[in-house]
Amino acid sequence: MVKYTDTGKKDTRSGFGEGLLKAARADGRIVALAADLTSSVKMGAFAKEFPDRFFQSGIAEANMVGAAAGLAATGKVAFCGSFAEFISGRVYDQVRMMLAYGRANVKLASSHAGITLGEDGATHQTMEDIALMRALPGMTVIAPCDYNQTVQATLAAARYQGPVYLRFGRPAMPNFTNPDEPFEIGKIYVMNPGKDVTIAAYGHLVWEALQAAEALEAQGINAEVLNIATIKPLDVAALRASVSKTGAVVVAEEHNAAGGLGEAIAAALAGQAPMEFINGGDRFGQSGSPSGLFKLYGMDSDHIVAAAVKAIARKKI
Amino acid sequence: MVSIEELSAIASQVRRDIIRMVSSAACGHPGGSLSSTDVLTALFFAVMEHNPSEWKISTEGQDAFVLSAGHLAPVYYSVLARSGYFPVSELGTLRQLGSRLQGHPSVSEGLPGISLPSGSLGQGLSAAAGMALGKRLSGDPHKVYCLCGDGESEEGQIWEAGMFAAHHKIDNLIAFTDVNGLQIDGATDSVTALSDLGEKWLSFGWEVIEADGHDFASILDAFKLAGSANGKPKMILFHTHMGQGVDFMTDNCEWHGKAPNQQQSETALSQLKETLGDY
């Protein structure tokens with residue numbers, strides 16, 4: 001088992017803030033727009049260092065997305081940031097026409113995604129955003145797993161030409177990936193090689209998947225852990241290669257079942273191997289602590305272990 | 001300088017193009033295209049600083065135009081082609097399979113002259129504001145023009161853009177509204193009253209100019225007045241008639257999104273002089 005050490009809990013949104021600042025220092029084309037959540041989405045340092053390149057749209061997300069498309073048309077690289085729900089569902093039509101159909105060089109910085117937004121409750125906890133964004137032709141969907149990877153994914157998104165949905169979260173979570181490893185859009189990161197079961201995860205659940213793999217190792221089960229940091233485009237060949245080897249799959253995500261990574265992988269593998277799913281099901285969230293919600297919604301490492309055992313048991317003999 | 005007589009002649013040909021395009025596609029939106037024909041003719045042939053042969057999607061070094069009311073594609077395509085952005089023969093492909101002239105403007109097909117898609121209403125003014133900001137940031141002194149519909153102004157995003165452009169003092173943004181008073185379900189005032197659009201824009205901190213959208217002298221004066229760098233975005237309200245130029249379409253909202261049949265098309269064309277040669 002590859003050893004990962006939590007070097008100190010950090011929020012992935014701060015990784016975005018750090019990445020945006022680094023990218024902006026290197027590339028004068030980068031501009032940023034906010035909708036009254038500048039500090040929440042960690043654009044404050046950018047706004048302070050580059051006041052001429054920062055545009056406040058107020059609580060008017062639709063206008064923010066449209067203005068970003070216009071800035072991008074003139075050759076700028078435009079980041080717009082808000083809570084995941086307000087930059088996906090609330091502005092879906094704007095994102096669809098201006099960014100996806102318009103092939104705009106705009107990056108949607110989607111913070112506070114998933115159930116770990118926590119105490120604010122279901123109105124703010126989007127568990128459907130991946131489904132919405134995956135459905136758009138030409139949209140790249142990225143969900144890095146920790147602070148370090150979010151810094152690198154932000155740099156990669158800034159370099160990439162085209163619309164990107166970059167999803168990250170609110171709470172401080174384990175930080176464990178190599179801070180110097182550049183992010184490759186479209187790459188599946190093999191966190192731990194294994195032969196008995198493939199555990200595919202993204203975002204905060206990659207750490208949970210690694211905890212589960214350790215627990216499985218104690219039971220003599222060798223789990224391959226994949227960090228699916230790019231959900232679209234999905235590297236189907238890499239997935240098939242892993243599953244051909246392990247013969248069983250668990251997909252773990254902080255998202256509902258409909259339209260999530262689980263469905264994407266099920267479609268890609270089309271019955272190639274038994275699959276189990278860790279997700280929010282078909283439910284809204286509720287107020288609570290991130291760890292309490294993970295437990296209640298069955299997204300913690302214990303549930304991943306149980307799902308892996310179940311998937312393995314269903315392998316054809 | 002293009003004379004008013006020349007502008008009138010171009011506008012007549014543009015109206016013929018609109019009727020012929022929509023008629024051969026057997027669908028499309030003639031009403032608003034005809035009401036905004038004179039304004040767009042003046043803009044493209046006498047107001048905008050643009051060079052079609054050197055046009056890039058970024059519009060760098062040129063004035064830009066954004067069509068927010070995307071269903072006015074027929075008039076947009078006609079003024080683009082007649083200005084030299086692409087061959088006028090292509091106008092006959094409107095709405096056909098494989099055409100660059102999609103039902104609503106698209107950037108996917110690479111049609112020169114189009115920087116942004118439109119069709120879902122209310123979004124273009126925000127994007128035009130963004131383009132104007134982009135030009136300001138890049139030190140490009142050119143302007144961004146944006147055409148909205150009066151019915152379209154029922155969209156909330158128009159007013160979000162209104163606050164944004166005034167707050168950021170985007171004075172290189174010159175928006176204009178085709179106030180023909182009609183939308184699909186009837187008169188704008190009977191559908192959801194816009195009341196006084198001029199007062200609304202004034203209260204949003206914009207400079208407001210009102211003009212007759214079928215009188216070239218009035219149109220040119222309005223664009224001239226809107227040129228100053230005074231820290232305010234500009235909104236010109238052009239008062240027009242839906243279906244202008246074709247008697248049976250004038251002020252009739254049935255012609256918002258309906259193609260004339262062959263006989264109606266012939267009647268319409270008999271009222272519009274061919275001045276530059278049909279495509």
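In this predicted model, the domain assignment divides chain A into two parts: domain 1 covers residues 10–173, and domain 2 covers residues 189–310. Taken over C-alpha atoms, the centres of domain 1 of chain A and domain 2 of chain A are 25 Å apart. The two domains touch each other, with domain 1 of chain A giving 27 residues to the contact and domain 2 of chain A giving 28 residues.

The side of domain 1 of chain A that touches domain 2 of chain A can be described by its elements. Those that give two or more residues to this side are the helices α5 (129–134) and α6 (147–159) and the strand β6 (140–142) of chain A. The residues on this side of domain 1 of chain A can also be sorted by class: 15 are nonpolar, eight are polar and four are charged.

Attention now turns to chain B. The secondary structure of chain B consists of ten helices and seven strands. Along its principal axes, the C-alpha trace of chain B spans about 50 × 45 × 35 Å.

How does the radius of gyration of chain B agree with that of a compact globule? Because chain B has 279 residues, a compact globule would have a radius of gyration near 19 Å, and the value of 17 Å for chain B agrees with this. Of the 279 residues of chain B, 53% count as buried; here a residue is buried if 20 or more other C-beta atoms lie within 10 Å of its own.

Conventions: Residues are numbered from 1 along each chain as its sequence is written. Chains are lettered from A and ligands numbered from 1 in the order in which they are written. This is a predicted model: local features need pLDDT of at least 70, side-chain atom pairs count only at pLDDT 80 or more; totals for chains, interfaces and linings use all residues. Helices (H or I, at least four residues) and strands (E, at least two) are DSSP runs, numbered from the N terminus. The radius of gyration is taken over C-alpha atoms; the globule rule is 2.2 Å times the number of residues to the power 0.38. A residue is buried if 20 or more other C-beta atoms lie within 10 Å of its own, exposed if 12 or fewer, and partly exposed in between; C-beta atoms are placed from the backbone. Domain bounds come from an automatic or database domain assignment. Two residues are in contact if their C-beta atoms, placed from the backbone, lie within 7 Å. Ala, Val, Leu, Ile, Met, Phe, Trp, Tyr, Cys and Pro count as nonpolar, Asp, Glu, Lys and Arg as charged, and the others, Gly among them, as polar.
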